[in-house]
Amino acid sequence: MANMSGFLSCSIVILPRNSSFCGLKKLKLWRTCQYKTVVASVNEGSKDDIRRPKVQWYPGHIAKAERVLKDKLRLVDVVLEVRDARIPKSTEHPELQSWLGEKKRLVVLNRRDMVPQEALSVWIKTIKQQGFEVFDTNAKLGNGIQRLRKALIFCGKAINEKRRVKGLLPRSVHCMIVGYPNVGKSALINRLVNRAIAKSQNRPGVTRTFQWIQVSDQIQLLDSPGIIPPKLVSQSSAEKLAFCNDIGSGSYDNQVVASALLECIRNVGTVWSQDHCFVRFNERFGIDMLKHSGEMLLEIISRKQFSNDKEKTAQKILAEFRQGLWGPLCLEWCDSEL
């Protein structure tokens, strides 16, 4: 504890290993004092990012889809941008606004059931402050869909009023749904239409083509493939996409990503009031997450439960997180809170 002041002044914070400092009570006190520093660690990743193998994430079909998407935008009035509520920052396409110009943009935070209400509320407030309407949904169960449908109808009424002034006949509102792979776009469409019209699976890359879908007499929706930037915004963001299964498994090493996920959750749990994840992890694996690095946790779990099969262990860790078995978790904080 003698060097604690130096540790706390670091720009990127990695929780100390095998230290009594990791007790939950002390962590809560430390969380209050060093909030902004830890948030930087959560959003930017750790120094370990430099040593980890890079996540490669840009399949050729996505490059083609991006070119088509830019062309199709001229056909629509409104764009629905779907993000993963667990990683709202990493699933925001950095170039989207430059493509849209003056077109209406609605932001949908899907999988709201997988994040704490505190985190969801802060993200909704932050995105609203950026000038966008925000909708939180659970497309799997249909929660929040009715409010979104009403918003699209309202957009259509505003568009048709402009058409009336110009002497044009009314028509349905034309909306495009965009977002990263596997953020729940197809499930959202199926809920809007009230039937399984778009192919929906819990893996990225299912939708490969653009297609018009008649939601109702008032709404026409253009479905699009998942789009990701050609250049990595950051390796930390790429890892978070891998954590949440928002990019293909062929883009990364399961063991590396599982270790990085555990490191990320250790940091996130100290920023948010998400100590439940430590308790559930301990219950499932019999290990105190706060006392070991991600790599060491993978090693210990592999030895204790999976006969030293690290690959099987990594797959188990990723699967349990993606299924929400450690409780609701948001892996990112808002820049406005830094």
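Biologist: Is leucine 222 buried or exposed?

Modeller: This is a predicted model, in which local features need pLDDT of at least 70 and side-chain atom pairs count only at pLDDT 80 or more, while totals for chains, interfaces and linings use all residues. Residues are numbered from 1 along each chain as its sequence is written, and side-chain values use heavy atoms, with hydrogens and water left out. On the scale used here, buried means under 20% relative accessible area, exposed over 50%, and partly exposed in between, for a 1.4 Å probe and protein chains only. Because its relative accessible area is 1%, leucine 222 is buried.

Biologist: How many Å separate the C-alpha atoms of leucine 222 and leucine 75?

Modeller: Leucine 222 has its place in strand E6 (residues 219-223), where helices (H or I, at least four residues) and strands (E, at least two) are DSSP runs numbered from the N terminus. Not counting residues up to four places away in sequence, leucine 222 touches Lys72, Val76, Cys175, Met176, Ile177, Phe210, Gln211 and Trp212, contact meaning heavy atoms within 4.5 Å. Leucine 75 is 147 residues away along the chain, yet the two C-alpha atoms are separated by 9.3 Å.

Biologist: What percentage of the contacts in the chain with a separation of 6 or more comes from residues 24 or more positions apart?

Modeller: The chain has 13 helices and 6 strands, and buried residues make up 54% of its 338 residues. Among contacts with a separation of 6 or more, the share from residues 24 or more positions apart is 72%.

Biologist: What relative accessible area does asparagine 110 have?

Modeller: UniProt, in an unreviewed entry, places a "binding site" at Asn110, Arg111, Arg112, Asp113 and Gly226; its positions follow the numbering used here, feature names are shortened, and annotations may be inferred rather than shown by experiment. Asparagine 110 belongs to strand E2 (residues 104-110), and, leaving aside neighbours within four places in sequence, its contacts include Val82, Asp84, Thr137, Asn138 and Gly184. Asparagine 110 counts as buried because its relative accessible area is 4%.

Biologist: Where is arginine 112 found?

Modeller: Arginine 112 is partly exposed, since its relative accessible area is 27%. Beyond four places in sequence, arginine 112 touches Ala85, Leu120, Asp136, Thr137, Asn138, Asn143 and Gly144. Its place is the loop between E2 and helix H6 (117-129).

Biologist: Which strands are included in what covers the buried residues of H6?

Modeller: The expected span of a helix is 1.5 Å times one less than its number of residues, so the 13 residues of H6 should span 18 Å, which agrees with the 18 Å between its end C-alpha atoms. The buried residues of H6 are Ala119, Leu120, Val122, Trp123, Ile124, Thr126 and Ile127. What covers these residues includes strand E1 (78-84), E2 and strand E3 (133-137).

Biologist: Which helices do the buried residues of H12 pack against?

Modeller: Helix H12 (residues 294-305) has 12 residues and reaches 16 Å from its first C-alpha to its last, close to the 16 Å expected. Its buried residues, Gly294, Leu297, Leu298, Ile300, Ile301 and Ser302, pack against helix H10 (254-271), helix H11 (276-285) and helix H13 (310-322).

Biologist: Which helix gives the largest share of the lining of the second largest pocket?

Modeller: On a 1 Å grid over the protein atoms alone, a cavity is a set of points where a 1.4 Å probe fits but cannot get out, and a pocket is an open set with protein on both sides within 12 Å along at least five of seven lines, while lining residues have an atom within 4 Å of a point. Grid points are joined across faces, edges and corners, and a volume is the space filled by probe spheres set on the points; for the second largest pocket the volume is about 250 Å³. Its lining divides into 5 nonpolar, no polar and 6 charged residues, where Ala, Val, Leu, Ile, Met, Phe, Trp, Tyr, Cys and Pro count as nonpolar, Asp, Glu, Lys and Arg as charged, and the others, Gly among them, as polar. The largest share, 5 residues, comes from helix H7 (residues 145-165).

Biologist: Is asparagine 245 buried or exposed?

Modeller: Asparagine 245 has its place in the loop between helix H9 (235-243) and H10, and its phi is near 65°, a positive value in a residue other than glycine. Because its relative accessibility is 12%, asparagine 245 counts as buried.
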